[in-house]
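Welcome, and thanks for taking a look at this one with me.

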Amino acid sequence: MKRRDFFVKSLGAGFAAGAAFSLGGYNKLWASTPGAQAYDMVAVMGGEPDAMFDKGISALGGITNFVKKGQTVVIKPNIGWDRSPEMAANTNPLLIKRIVEHCIRAGADRVYVFDHTCHNWVKSYKNSGIEKAAKDAGAKIVPADTEKYYQEVDIPGASILKKAKVHELILESDVFINVPVLKHHSSTKMTATMKNLMGNVWDRGFWHSNNLHQCIADYATFEKKPTLNIIDCYRVMMRNGPQGVSVSDSVEMKAQIISTDMLAADTAAASMIKMTPEQIDYIPLASKKGIGRMDIENLNIHKIKM
Amino acid sequence: MRSSFLRTARIVLAVMIFIIITLSFIDFRHIIPDKWFNFILYFQVVPSLMNFINVPALASAGFIFVLALTLTTGRSYCSILCPLGIYQDIVSRIGGKFRRKFRKFRFGKEYVILRYVILTVTLVVILAGSVFLLGLLDPYSIFGRSATYFLQPVVLMINNLVAAVLSLFDNYAIFKVDLVRIPLVVYILPVLLLALVTWLSFTKGRLYCNTVCPVGTLLGLISKVSLFRIRIDESSCTHCGLCAANCKASCIDFKNENVDLSRCVACFNCIPVCPDRAISYGFKKPGPLKTGDEPDQDKRGFISGMLALLAFLPRSMKAQDAPVPKKESTVPEKRTSPVCPPGGVSIKHFNDYCTACSLCVSACPNNVIIPSIKEYGIAGIMQPRMDYHKGFCNFECIRCTEVCPSGALLPLALEAKKLTQIGKVNFIKENCIVETEKTDCGACSEHCPTKAVQMVPYIGNLVIPEVNNEICVGCGACEYACPTKPFKAIFVDGNPVHQDAKKPEEEELKVQELEEFPF
């Protein structure tokens, strides 16, 4: 499905869902905005993570544009590290909670949350606050520390990473929502949308030893792409990434970027941490693969200030 | 006292303690609160003694209570508190069921010479500076190793089987847990000792405790003068021999109405079986001691043979080879010292106090602590070390220091642990992906909790690791994450004496607040 087609179709569904909701007298906060423009990207600033998501997703026509009744949803935050939320090494738990709530309200049959963590997964899930947040909102939190959960897939568009073992939930779920946290990263300089997908695969060592940047771009060509990307820029780690040494490594930006285009989202995110996309090798490489748009100045971006 | 209540109470207590202590060794999800088993570990004689020599304090004085308990009640420690003793009672009971027709306990001679030779040699080896023999023969440590290396894997396999079934139903309440891969040679000593103890208890009751066990021999010396003891009322005894036939310690010489108190483990099995109610447990002034007869040469030969075998085995062991590499790195890691877990103070301290009970091995949530083979030298076999090819030490975790009963790992507050340097990072540029492949990697720096490994500009856009040993804690995350084989491009060399790491500097970030989106 082409990106434009997708938007046209989503918009139609959005109208239908919006109409259905308005008939039911549904809480306005959760409803889609009828007549919303087909934005390529929505950027929100100045609110709490959950409130910003409410505004942002509403500008995209509501979550019902992306999640249909009875579908299974997998949400992939960054839960890589045994770090507390204020360190901003993992995705903000409040944001995850709200995304799960939206999906469940939209009638999702099941909502899964997982990450292939770098630290001990039990500790990372717990101390990131994400386990509790997701469970409270009604999601199922799933381990990803064992090879048997992963299935080998072909990535025909890849230059190096031609095969990868991908978590079965990514392959089986109807909707895949990618929720990275924007961070400085010691080896790739930045981690956001595309880099977060590394947590979908089993053998990360292969990426590290076989041209990390190319592997990131390669994996982005894999057919099971995120339905939606939500970059958490509420607290942003500016140095010592990806896990941070102390709270002073991060600053409060109170922002959020939502897009279906991974490359556009990452390009925008780079500027948030004062980098050019060219400095982050995997962004131009992904652009060469035709993953999305790097020319974000030509995109229809809706900016919301709260 | 002639009540059978004594025996019932002993069994109830023993079963409770056995269950708790066994659970503590297989509790891979850390469900049981520490306080449940800490008090049991507190009374384990050998770990407590090591701990006390280390830091003489009430908190490490458990063995003194045991000595006092023995002086008062006899060797009730062996029946109620010692996990290996209780294990033997269970095996012995099963043995009795199987061999009821042809196994009968009877009064046996004490292997006086062997008993005291083992105790003396153990003490001499300790004085010579090694706890190897003590750790090898200590009943608590034998039990701990058996539980860690045999029971926990079985429990994990069952857990993983259940997890696999539940995951089919989309339930993840029970999840798969990786088994620690331990070199096979490590199993030799635990297998032999467990086999020895099991066989002896199956056929002979408490023969291990009354011949080999240094704790049993030591407590036996004290229990000879204990205030409360089993005694036979000469006037009512009809010499039927039922008591001796039920004595797993083989210590009742009913013909002479005498009980060998150095071997009696105060199990009270004899009291209810006596049809004459001639046996009682009570206060008695110490009477004249009777010595045993001549030792049985066959049994003696058997046991000393087993011991010789055990002493010989470590010498014939060799380390396993590293896995076959996909892509070869060229420069071997030059390690000068193994890494001992945090709280170990120094390798010497750790080696001096660790009895290799392996509780830290089973408690470590990151599978980084594994038993050594020859890294500490042959005398340190089974004493745990950090293996950074298997895992790395979680920066936020102090589990091993919390569970260690012998003071080999001293308690460390989390903040202190974060500044304890157990080893130093070494970078081998010639092996590094960035150098050999000219592509970015940085897995080491990603995993470093203090940024002692930083990525610095290299050629073009590339970044390469740079190490700062002042803030390195030696957790091994970099080594674990490094993808090169067979040699790592970054590794941690142990500190023979643990040092203080500097706290990473915290500079204030100078970032202007975002007013508008920069795109």
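This is a predicted model: local features need pLDDT of at least 70, side-chain atom pairs count only at pLDDT 80 or more; totals for chains, interfaces and linings use all residues.

1. How do the two domains of chain B meet? On the domain 1 side, 32 residues are in contact with 23 residues of domain 2. Helix 9 of chain B gives the largest share of that domain 1 side, 6 residues. Other elements giving two or more residues include helix 1 (5–26) and helix 3 (45–54) of chain B. By class, this side of domain 1 has 17 nonpolar, 10 polar and 5 charged residues.

2. Next, look at where the chains touch: 35 residues of chain A are in contact with 34 residues of chain B. Among the elements that give two or more residues to the chain A side are strand 11 (250–259) and helix 10 (262–272) of chain A. The chain A side has 15 nonpolar, 16 polar and 4 charged residues.

3. Finally, the largest nonpolar core has 233 residues. Helix 10 of chain A gives the most to this core, with 8 residues, and each of domain 1 and domain 2 of chain B supplies at least three. A:Ile96 and B:Cys360 are among the residues with the most contacts inside the core. Leaving aside residues up to four places away in sequence, A:Ile96 touches several others, including A:Ile75, A:Val113 and A:Val179.

Note on methods:
Residues are numbered from 1 along each chain as its sequence is written. Chains are lettered from A and ligands numbered from 1 in the order in which they are written. Two residues are in contact if their C-beta atoms, placed from the backbone, lie within 7 Å. Helices (H or I, at least four residues) and strands (E, at least two) are DSSP runs, numbered from the N terminus. Ala, Val, Leu, Ile, Met, Phe, Trp, Tyr, Cys and Pro count as nonpolar, Asp, Glu, Lys and Arg as charged, and the others, Gly among them, as polar. A nonpolar core is a set of buried Ala, Val, Leu, Ile, Met, Phe, Trp, Tyr and Cys residues joined through C-beta atoms within 7 Å. A residue is buried if 20 or more other C-beta atoms lie within 10 Å of its own, exposed if 12 or fewer, and partly exposed in between; C-beta atoms are placed from the backbone. Domain bounds come from an automatic or database domain assignment.
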